[in-house]
Each structure stands twice: as structure tokens, then as C-alpha cells.
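Thanks for coming. I will go through one structure this morning, starting with the ligand site and ending with the backbone.

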Amino acid sequence: MISSEVKLYTLEEVAKHDGEKDRRVWCVIRDIVYDFTDYLEQHPGGGELITEFAGKDGTVAFDDFGHSSDAKNDMKQYKIGELVEEDKRANRKKKIVNGNEVTAETANVQTRRPFFKILCGSCVA
Ligand code: HEM
């Protein structure tokens with residue numbers, strides 16, 4: 001049987017591979033752990049754009065640029081695993097709002113609502 005087990009890492013483990021303490025450059029994008037060491041020199045605009053996020057979560061910077069689907073496909077070959085459940089973005093950003101535990105996503109909806117309420121009155125209750 002071919003094993004399809006995904007290797008799981010904590011953010012603490014990822015942080016050890018920051019290109020300095022360890023020569024490898026690991027990076028997290030959307031809860032997936034990549035080793036981009038062998039890609040750095042090929043990156044348009046330079047490897048420093050990636051090493052800035054070595055050992056860290058680079059999701060926001062990666063998305064901010066709005067990479068092409070070719071780039072997104074290309075990066076799949078550098079995947080080495082995924083984050084453990086408790087370190088995934090949604091769980092990491094849990095916080096308490098009005099006594100309730102919410103994720104970053106629900107917190108955003110809650111903070112956006114008053115704005116829409118101003119725009120269209122009671123249509124967003
Ligand atoms: C934290 C990670 C990353 C950041 C912050 C980042 C940022 C950027 C930026 C700013 C550019 C524009 C460069 C320029 O035009 O001078 C760019 C282009 C590009 N990047 Fe990245 N990048 C990251 C990771 C990656 C990875 C992992 C891949 C693929 C394995 C990749 C593939 C590309 C490609 C192919 C382009 C050319 C435009 C495109 O096809 O979207 N990047 N990146």
C-alpha cells in the first residue's frame with residue numbers, strides 16, 4: 001500500500017528553518033508547509049522576497065502579490081507537509097469578542113456589519 005500520510009509540523013518547527021539557524025528556508029502558505037530553499041534563485045524579483053518570510057507564515061504577502069495560477073501550480077512541488085490543527089490560521093486567530101470565542105473570519109464579519117448597516121439600514125440585521 002502506498003502511504004499518503006501527510007507530515008505535520010508546528011509553527012515552532014517551521015521557525016527553526018529560517019535560512020540562518022538552519023540553511024533550509026521553510027515557509028507556510030495557507031496552512032501548507034513548503035521548503036523553498038531550492039526555488040529561491042528562480043523566483044522572479046529575487047529570493048529575498050521569499051526569505052523575508054523564512055520560518056514564518058507568508059500567506060498574506062504571497063496573496064497580496066496575486067500570483068498567477070502557473071506560480072501556484074509550480075509551488076506544489078515544494079510542499080513538505082501541513083500545519084498541525086492547532087497552528088492553522090483559523091485556530092491561531094481565535095479571539096474573544098463580547099465573551100464569545102470567534103475566529104478571525106467571524107470577527108471580520110462582525111466588524112464589517114455596522115458599516116453595511118450604515119449603507120443599507122436594517123437590511124443587515
Ligand atoms: C512569501 C512568499 C512569496 C512572496 C512574498 C512573493 C512575492 C512576489 C512578488 C512581489 C513578485 C513580483 C516580482 C517582480 O515582478 O519583480 C512575485 C512574482 C512571482 N512569483 Fe512570487 N512570492 C512568493 C513566493 C513564490 C513562490 C513559492 C513561487 C513559486 C514556486 C512564486 C512564483 C512567482 C512567479 C512565477 C512570479 C511571476 C509572476 C506570476 O507568475 O505570478 N512566488 N512574487
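This is a predicted model: local features need pLDDT of at least 70, side-chain atom pairs count only at pLDDT 80 or more; totals for chains, interfaces and linings use all residues.

The ligand has 15 residues around it, and Phe36, Tyr39, His43, His67 and Ser68 come nearest. Two helices, α2 (48–51) and α3 (59–65), each give at least two residues to that shell. The largest share is from α3, with 3 residues. Sorted by class, the shell holds 11 nonpolar residues, 4 polar ones and no charged ones.

Next, the metal. Which residues coordinate the iron atom of the ligand? They are His43 and His67, each through NE2, at 2.0 to 2.1 Å. His43 is in the loop between β3 (32–35) and α2, while His67 is in the loop between α3 and α4 (69–74), so this pair ties together parts 24 residues apart in sequence.

What is the arrangement of the donor atoms around the iron atom? There are 6 donor atoms, and the angles they subtend run from 85 to 179°, which makes the arrangement octahedral. For reference, ideal angles for six octahedral donors are 90 or 180 degrees.

In the side chain of His43, an N or O atom is 2.8 Å from a nitrogen atom of the ligand. For His67, a side-chain N or O atom is likewise 2.8 Å from a ligand nitrogen. Ser68 places a polar side-chain atom 2.6 Å from an oxygen atom of the ligand.

Last, the backbone. Most residues other than glycine have a negative phi. Arg30, in the loop between β2 (26–29) and β3, has a positive phi, near 50°. Asp31 lies in the loop between β2 and β3, and its phi is also positive, near 70°.

That is what I have; over to you for discussion.

How values were computed:
Residues are numbered from 1 along each chain as its sequence is written. Side-chain values use heavy atoms; hydrogens and water are left out. A residue is near a molecule or strand if one of its heavy atoms lies within 4 Å of it. A polar contact is a pair of N or O atoms within 3.5 Å; within protein, one must be able to donate a hydrogen and the other to accept it, and residues adjacent in sequence count only if both atoms are side-chain atoms. Helices (H or I, at least four residues) and strands (E, at least two) are DSSP runs, numbered from the N terminus. Ala, Val, Leu, Ile, Met, Phe, Trp, Tyr, Cys and Pro count as nonpolar, Asp, Glu, Lys and Arg as charged, and the others, Gly among them, as polar. Donors are N, O and S atoms within 2.8 Å of the metal (3.2 Å for Na, K and Ca); water is not among the atoms, so sites may look incomplete. Four donors count as tetrahedral if all angles lie between 85 and 135 degrees; four count as square planar and six as octahedral if opposite donors are over 155 degrees apart and all others between 65 and 115; anything else is irregular.
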